[in-house]
Structure formats: structure tokens, C-alpha cells
Amino acid sequence: MKNKVLLSAILGLSICLAVGIAMPTIVTSIGANPTQSPTIGATYVTVCGLLVVIMIVEIVSVFKIDDSTFHTALLAGSLVVLYAFSVDMQLFFAYFGIDIPKVAFGIASEIAFVFAMSCCCWFMTYTYNLRVDGSSLAYVAVPSVLALTAYSITLMLGYGYIAHFVIVVIFSIAFCRVLRRAGKKAKMGVTTYLAVGVFCLSIGAQSTNALFYSGATVAVPALTLAYAILTVCMFAGVYLAFCIRTDLKAVRSNEYKHQAELYETKALANQIKPHFIFNSLEAVRALYHKDVASGDAAVNLLADFLRASINSFDSELIPFETEIDNVFNYTEFENLKRTDKIEVIFDIDYTEFSVPPLSIQPFVENAMKYSGVGEIENGKIIISSYKKDNTAVVEIYDNGKGFNVTEIPNSSHGIKNACGRFALALGVTPEIKSEVGVGTSIKIVIDLTK
């Protein structure tokens, strides 16, 4: 990666320098007409407007996005000035009779160019956390200031482009050194290509400016416009890459979140299994003390229930019909140890949906053990399911003693875990209503469109 970036920089710099040096010959051979059409000028103004937007985006990003730095904001600002004082803009003003001295445009664009080159080097240094060598900085800064001063003086004499190419050589050496140091330290990313591209395009654009403002060549309309468009495209490409990277991070984040929810679901389910098995074994022991046949029947029901439960825990969701079979086995198992059987009514009209495994059973278990329906006349538990619009509705009702739903004890692992697994797996919160002395109803509404 580092070799590709370095080679890209060297190739880009070579092309820009070659074009800049050969510009007079190229212009002479093609007989370019140094005039600016309104269409080219309007397009150039539009592109400069886009550069202003990019500058604003970069300034805002410094405060909003961790990946952005003030170096990129300064770079965008220097590019706005560089292209605002380019050849095409000078020709555009001249087209409308506004005669601004070339020297003023030339000095302004060269200052912006030096600042853009510095920002590219600063950006790479900051991004890869490189040590700033004071002596190296002086080797770049001092000659650049001297060359910039010489450029300002010699521009009026028609030799400003010589000082400009001295500045180009100084910053090219400095930038390639920074690239080489960065490549040794870390893998280079897409922002590095932005720095390389902007660096090379800026050299090409300003070399065109320097030659024209020095009087070494006539203007080639739309040439700096091409550099400006490519610069905007470079930034657009980086923004696109940033958006893609952000989307990929979001996808990975959702995957990690889903995995975490699955692990939490399994953890909640594993809390239920020991709790239920312990209570079931206690019941089987009591039945064997009472009646061997009842104990054998209980063992068979418990075995069927556990077999189905263990198989179902391989999945996050199981068919509702399977869950109801498990609930039926459980209620039969519970009634075996009772002298007065609890009436359990299954009013199942719709089963074409899925639920978390062992998610209905805890509510039924709570009703059978703690609602007191076995202690009252006509006590009963009703389990129903039906389809309503695009939802599947499951209701568990008992006409027992009821309780205060805001005071579910911490030991009620079954209800809390069942509610937690419905929330994790289906985004559903069971609605529990209970009134002391009247009974309890639990309503679970599952969206079938999801």
C-alpha cells in the first residue's frame, strides 16, 4: 500500500511538472485563444461554490466528526482561494471588462498554493502521528518563505514561474518524505490518496497560473477549471468512501448487537431450565411417595417436556404449536400431583407464528402455582390465541386472587425472563394486568409483518 501511494505521488508530481514546463510549447502549437466564454466562467464559479461548500462541511466536521481534523478544513479553505484566483477566474472578470492586475491574482494564488501544500504535509503528519522535526520544518519553511518573496518580486519581471517551481520542488521533496515515513508506520487509507491527489492537482493548477501570470504563456481556457473539477471529485470520492465505511460499521454493529441479544436470550433461557427442573424433580419425588403409577406417568410427561424443550433451545424461535404442546405436557404434569385438578382450557384458533422457547410456560406455571385458582370454586386458566389484523394475539387468563403487578418479587425469574426473551427476540412487551380478588390476564401481541 505505501509503495502504491508513493508511486502515485511521484507519478502525479512528474506529470504536473512536465505539463507545467511544457506549457509554453503546448499553447504555441495549438494556437490557444486566450479568451473566456461565459459558459466556462459560470461553470468555474459553480465549481468554486462547491469548494466553498466543501470548506464549510470540513469546518463543521471538525466539531462533529472525530475522523475530521482542522488540517482538512484549512486545506479546503486554501483551495477555495487558490481556485478563486486562478486563470479562468481572471479571464472571467476580463470578459466583463473588469481588469484586475495579474500580479494581484498571481500573488494571492501562490500564497494559497503554499498554504495548501503545507496543509497536505500537516495532514499526513497528524494522521499518522509522526514526530515533527524542527530542523526539517525549518528546511521547508525558510526556503519557501524566501521563494515566495522572490516570486512576488520576480512576477512583475516575468520570471515568477522560476520561483514557483523552486517552491514546487521544496514541497514535493517534503511531501514524499512524509509519505515515506507514514508508510513505514502504518497502513495508508483512502484519505492518504486524497492528500496525494489534492497535492498533485494543486501543483498542476498553480503551475498553469504561475506561467500565465508571469507572461511566459497565454491562457488556456478551462484548464484550471479541469483541475478544480478533479479536486471536487477527489473530495466527493473521499466522502463516498467515508459513507460506505460508516454503513459497514453500522452493519457490523447491528450484527454484534444481534449476537449479543442471542447470547442474552440463551442466558435467560438457561436461568429458566434449572429453575423448572428443580421444581419438577421435587414434584416427581412427591408423586412416587404417593403412588408409583402417578410417579411413572409424571416421569413420562416430564421426559417428553424436557426432550421437546432441549430440542427447541437450538433455535431462537419455535413454532407456537410446539410451545403449546410443551405447555400442555406441563399442565398435565402439574395436575398429576393435585387432588383437585386445575381446569386448563386451551382455546387455540391460530398457530401460524413463532415464539421464544419456553416463553408461554412460565406464565402458565405462575398461574397454576400462585394464582390460587385451585382454591376457589370454578377456578380456571384459559390459554387462547387468535389472529387480529396483522398480529397474532396470545392471552393467558386466570380468575385467581390476582396481585399487584408493580410488586413482582425478585424470585419470579420465570415471568421476568419470559418478558425479557419476548423483548429480545420479537421486540414485544407482554402486557400484564391483574386485580387483587379478580384475577390476572396476560396479553402478548406479535406483529406478523416483521
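1. Start at Y83. Neighbours within four places in sequence aside, Y83 contacts Y44, C48, L51, M89, L201, A205, T224, Y227, A228 and T231. Contact here means heavy atoms within 4.5 Å. This is a predicted model; local features need pLDDT of at least 70, side-chain atom pairs count only at pLDDT 80 or more, and totals for chains, interfaces and linings use all residues. Residues are numbered from 1 along each chain as its sequence is written, and side-chain values use heavy atoms, with hydrogens and water left out.

2. Y83 also belongs to the largest nonpolar core, which has 64 residues. L79, Y83, F113, M124, F171 and F175 touch the most other members. A nonpolar core is a set of buried Ala, Val, Leu, Ile, Met, Phe, Trp, Tyr and Cys residues joined through side-chain atoms within 4.5 Å. Buried means under 20% relative accessible area, taken with a 1.4 Å probe on protein chains only.

3. Which elements give two or more residues to this core? They are α2 (38-64), α3, α4, α5, α6 (134-154), α7 (160-185), α8 (190-213) and α9 (223-290). The top contributor is α8, with 13 residues. Helices are DSSP runs (H or I, at least four residues) and strands are E runs of at least two, numbered from the N terminus.

4. A separate core has 31 residues, including I324, V327, F353 and F363.

5. Look next at α3 (residues 70-84) and α5 (residues 102-127). Their axes come within 8 Å and cross at roughly 160°. α3 is therefore roughly antiparallel to α5 (angles over 145 degrees count as such). Axes are lines fitted to C-alpha atoms over the stretch in contact, with angles from 0 to 180 degrees between N-to-C directions.

6. On the α3 side, the contact residues include H71, L75 and L82; on the α5 side, they include F105, A112 and W122. By class, this contact has 17 nonpolar, 4 polar and no charged residues. Ala, Val, Leu, Ile, Met, Phe, Trp, Tyr, Cys and Pro count as nonpolar, Asp, Glu, Lys and Arg as charged, and the others, Gly among them, as polar.

7. In α4 (residues 87-95), the buried residues are V87, D88, M89, Q90, L91 and F92. G97 follows α4 and has a positive phi, near 80°.

8. Is S385 buried or exposed? S385 is buried, at 1% relative accessible area. S385 sits in strand β4 (residues 380-388). Beyond four places in sequence, S385 touches F320, D347, I348, D349, Y350, V393 and V394. D347 is 38 residues away along the chain, yet the two C-alpha atoms are separated by 6.7 Å.

Note on methods: Buried < 20%, exposed > 50% of the residue type's maximum accessible area, 1.4 Å probe, protein only. Parallel < 35°, antiparallel > 145°, perpendicular 65-115°, else oblique.
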